[in-house]
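Trainee: I am new to this structure and would like a close look at a single part of it. Please take one place and go through it slowly.

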Amino acid sequence: MKLEIVKETKWNGDIWYSIKLDGVYVAGSSNEKELLKVYDDAKSSPKTFFETKKEVLKSEEIDLSLK
């Protein structure tokens, strides 16, 4: 597993930092210090750190058929 920070400098001088996990973008920021903290926090368990968690907060079936 490869965890890396990439710095991109745009043609107009804007800088963007991104974290990639096995070559796939997982996070980004224009604030290097902020992204370095995320990187350090993620190092212990990067696969689960960047997982998206979903919860269904409410669900119901609605019958719109005419009787």
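Is Ser18 buried or exposed, and at what relative accessibility?

Mentor: Before the details, please keep in mind that this is a predicted model, in which local features need pLDDT of at least 70 and side-chain atom pairs count only at pLDDT 80 or more, while totals for chains, interfaces and linings use all residues. Residues are numbered from 1 along each chain as its sequence is written, and side-chain values use heavy atoms, with hydrogens and water left out. Ser18 counts as buried because its relative accessibility is 1%, where buried means under 20% relative accessible area, exposed over 50%, and partly exposed in between, with a 1.4 Å probe and protein chains only. Ser18 lies in strand 2, strands being DSSP runs of E with at least two residues, and helices runs of H or I with at least four, numbered from the N terminus. This strand belongs to an open sheet of 3 strands, ordered 1-2-3 with antiparallel pairing, where two strands pair if DSSP finds at least two bridges between them. Strand 2 (residues 15-21) is joined to strand 3 by 5 bridges, and Tyr17 has Ser29 of strand 3 as its bridge partner. Leaving aside neighbours within four places in sequence, Ser18 is in contact (heavy atoms within 4.5 Å) with Glu4, Ile5, Val6, Glu8, Tyr25, Ala27, Gly28 and Leu35. As a contrast, Lys53, in the segment after helix 2 (46-49), counts as exposed because its relative accessibility is 63%. Lys53 is 18 residues from Leu35 in sequence, and their C-alpha atoms are 21 Å apart in space.
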